[in-house]
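Subject: A structure for you to look at

Hello,

Here is the structure I promised to pass on. Have a look at it first, and then read my notes below.

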Amino acid sequence: SRKMVMTRRGALIVLEGCDKAGKSTQAKMMLDSVTKTGKGIRLMNFPDRTTTIGGIIDQYLRKQIELKDEAVHLLFSANRWELVPEIKATLARGESIVVDRYAYSGIAFSGAKGMDLEWCRAPDVGLPKPDAVIYLNLDKKIASQRGDYGQERYENIEFQEKVKDIFWKLKDDSYWHVIEASRPIEVVHQDCYKIVLETIQRKEHQPIELLWK
Ligand code: T5A
Ligand code: NA
């Protein structure tokens, strides 16, 4: 008799938060911890500065070029869309993905410039919807004392406050988890790790949904 072999899809987990909240630190630790359990997991990050579009974004962030707000907003979104085939293929073969920033950063940073939030959200509608968003919440003063703060565009306290306000508007308690990120790295990691393992178990059999649809 023929047996149908169903591959369990991986989970899509996003780390969000203001600049220097510890997203990249936590993403790397997560990769190590989950890999040790034998489960397949990989990291992605947005902006992904390695693509052609990402290269332009990188120049913009390092203040080497100027771009209209609308133009750079659409480039950030395009940078996500260009990686959707890879996201889908990875999840389909059963590997989970931890993503360092996603569409929420796109809206929060452009919105903080005063751009219309609905206009900002439109290009990201229909992206793969994360199974969980882990929001690393950090006091702006503590963030500004962390390494390298202030080097790139957007890294100033007033702007980051506006960013945070928009993150709170986007927060959806049905799949967002807020983690206090001022605590020691290992303590923050333990909280994130629990959410990630739980999400990987829970989402094993369900199809991926579309963001804001
Ligand atoms: N952006 C992004 C948009 O405008 N639109 C978009 O659509 C997207 C996706 C670059 C910029 O692009 C904007 C947002 C950003 O301004 P990025 O490349 O993700 O985005 O920025 P990075 O500079 O790489 O990352 P961040 O500045 O956001 O920092 P992280 O990743 O949150 O913080 P991390 O892990 O690098 O840690 C920062 C420092 O703090 C220490 C670390 O060791 C490090 O020195 N640290 C801690 N110290 C004490 N206690 C803890 N718990 C700590 N955790 C970390
Ligand atoms: Na980062």
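Let me begin with one pair of strands: β4 (residues 132-137) and β5 run parallel and are joined by five bridges. Within this pair, L136 stands opposite I179 of β5. Two strands count as paired if DSSP finds at least two bridges between them. Helices (H or I, at least four residues) and strands (E, at least two) are DSSP runs, numbered from the N terminus.

Before we go on, please note that this is a predicted model, in which local features need pLDDT of at least 70 and side-chain atom pairs count only at pLDDT 80 or more, while totals for chains, interfaces and linings use all residues. Residues are numbered from 1 along each chain as its sequence is written, and chains are lettered from A and ligands numbered from 1 in the order in which they are written.

**The sheet**

Strands of a sheet pair through backbone hydrogen bonds, either parallel or antiparallel. Here five strands form an open sheet with parallel pairing, in the order β2-β3-β1-β4-β5. At its edges are β2 (41-45) and β5 (176-180), each of which pairs on one side only. Helix α1 lies across β1 (12-17), β2, β3 (96-100) and β4, and runs at about 165° to β3. Axes are lines fitted to C-alpha atoms, for helices over the stretch in contact, and angles run from 0 to 180 degrees between N-to-C directions.

**Two helix pairs**

How do α5 and α8 cross? The axes of α5 and α8 (residues 157-170) come within 8 Å and cross at roughly 135°. Y104, I107, A108, F109 and G111 of α5 meet V163, I166, F167 and L170 of α8; residues are in contact if their C-beta atoms, placed from the backbone, lie within 7 Å.

The axes of α2 (residues 52-61) and α3 (residues 69-81) come within 9 Å and cross at roughly 140°, so these two helices are oblique to each other as well. Among the residues in their contact are I53 and Y60 of α2 and V72 and F76 of α3.

**The ligand**

Which residues come nearest to ligand 1? Of the 25 around it, they are G22, T25, G106, F109 and G147; a residue is near a molecule if its C-beta atom, placed from the backbone, lies within 6 Å of it. The elements that give two or more residues to this shell are α1 (23-36), α5 (103-111) and α9 (185-202).

Best wishes

Note on methods: Contact = placed C-beta atoms within 7 Å. Parallel < 35°, antiparallel > 145°, perpendicular 65-115°, else oblique.
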